[in-house]
Amino acid sequence: MAEAKAPPKDANQEEEAKKAISAAEDALADLIADGKDTKDAELDLDLARDAMKEGDFAGAIELANLARAGPEKVKAVKKEKAKPDVGKLKCPGCDEELQPEWPTCPVCGYKTRGD
Ligand SMILES: [Zn+2]
């Protein structure tokens, strides 16, 4: 490689902006698939794309991150709500909380394992 030209300074930033926008697009696509209201985020994303076209990569990154921040908050809340009670077993016999490794209920002797 003779005389390798250094890329223009904002080439990296352009790459960053592209990544930020596509990350925001992914986050939005997830929400849209879930039937969530993404109007605000889509607006931010549009602005980010506009900024990108105008060569304002820093602005595009900021707006894309903004577009992503809202949906991710919604997502985080959703995750929390959807969290199943993994590892919490209740004895069908007496409603005592059972540990998954217990073969029988210590209170009423209910067999938690079929075998
Ligand atoms: Zn029991």
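Two residues are in contact if their C-beta atoms, placed from the backbone, lie within 7 Å. The legends below use contact in that sense. The model shown is predicted.

**View 1**
The elements run α-α-α-β-β. Buried residues make up 21% of the 115 residues. Now take the contacts between residues at least 6 apart in sequence. Of these, 42% join residues at least 24 apart.

**View 2. Helix 1 covers residues 11-33.**
How far apart are the end C-alpha atoms of helix 1? They are 33 Å apart. The 23 residues of helix 1, at 1.5 Å a residue, should span 33 Å, so the two values agree. The expected span is 1.5 Å times one less than the number of residues. Several residues of helix 1 are buried, including Ala 17, Ala 20, Ile 21 and Ala 24. Ala 27, Leu 28 and Leu 31 are buried too. Just after helix 1 comes Gly 35, with a positive phi of about 75°.

**View 3. Ala 27 is a buried residue of helix 1.**
Why does Ala 27 count as buried? It has 22 other C-beta atoms within 10 Å, and a residue with 20 or more is buried. Look next for Thr 38, which is 11 residues from Ala 27 along the chain. The C-alpha atoms of Ala 27 and Thr 38 are separated by 9.9 Å.

**View 4. Helix 1 and helix 2 are roughly antiparallel to each other.**
Two packed helices are described by the angle between their axes and the distance between the axes. Helix 2 is made of residues 39-53. Its axis and the axis of helix 1 come within 11 Å. The two axes cross at roughly 160°. Angles over 145 degrees count as roughly antiparallel, and therefore the pair of helix 1 and helix 2 gets that label. The crossing of these two helices is left-handed.

**View 5. Side by side, helix 1 and helix 2 meet through residues of both.**
Which residues of helix 1 take part? They are Ala 17, Ile 21, Ala 24, Glu 25 and Leu 28. From helix 2 come Ala 41, Glu 42, Leu 45, Ala 48, Arg 49 and Met 52. The residues of this contact divide into 8 nonpolar, no polar and 3 charged.

**View 6. Ala 60 sits in helix 3 (residues 57-82).**
Is Ala 60 buried or exposed? Ala 60 is buried, because 26 other C-beta atoms lie within 10 Å. Leave out residues up to four places away in sequence. Ala 60 then touches Ala 17, Ala 20, Ile 21, Ala 48, Ala 51 and Met 52. Of these, Ala 17, Ala 20 and Ile 21 are buried residues in helix 1. Glu 16 is 44 residues from Ala 60 along the chain, with 9.2 Å between their C-alpha atoms.

**View 7. Asp 95 lies in the loop between strand 1 (89-90) and strand 2.**
What is the phi of Asp 95? It is near 70°, a positive value in a residue other than glycine. Asp 95 counts as exposed, because it has 11 C-beta neighbours inside 10 Å. The cut-off for exposed is 12 or fewer.

**View 8. Pro 103 is in the segment after strand 2.**
Pro 103 is exposed, with 9 other C-beta atoms within 10 Å. Set aside its neighbours within four places in sequence. Pro 103 is then in contact with Lys 111, Thr 112 and Arg 113. Arg 113 is 10 residues from Pro 103 along the chain, and their C-alpha atoms are separated by 5.9 Å.

**View 9. Tyr 110 is in the segment after strand 2 (97-98).**
Tyr 110 has 15 C-beta neighbours inside 10 Å, so it counts as partly exposed. Which residues does Tyr 110 contact, leaving aside its neighbours within four places in sequence? They are Cys 91, Pro 92, Gly 93, Thr 104 and Cys 105. Cys 91 is 19 residues from Tyr 110 along the chain. The C-alpha atoms of the two are separated by 7.1 Å.

Conventions
Residues numbered from 1 in each chain as written. Predicted model: local features only at pLDDT ≥ 70, side-chain atom pairs only at ≥ 80, totals over all residues. Helix = DSSP H or I, 4+ residues; strand = E, 2+ residues; numbered from the N terminus. Axes fitted to C-alpha atoms, helices over the stretch in contact; angles between N-to-C directions. Parallel < 35°, antiparallel > 145°, perpendicular 65-115°, else oblique. Left-handed = near helix turned anticlockwise from the far one by under 90°. Nonpolar A, V, L, I, M, F, W, Y, C, P; charged D, E, K, R; others polar.
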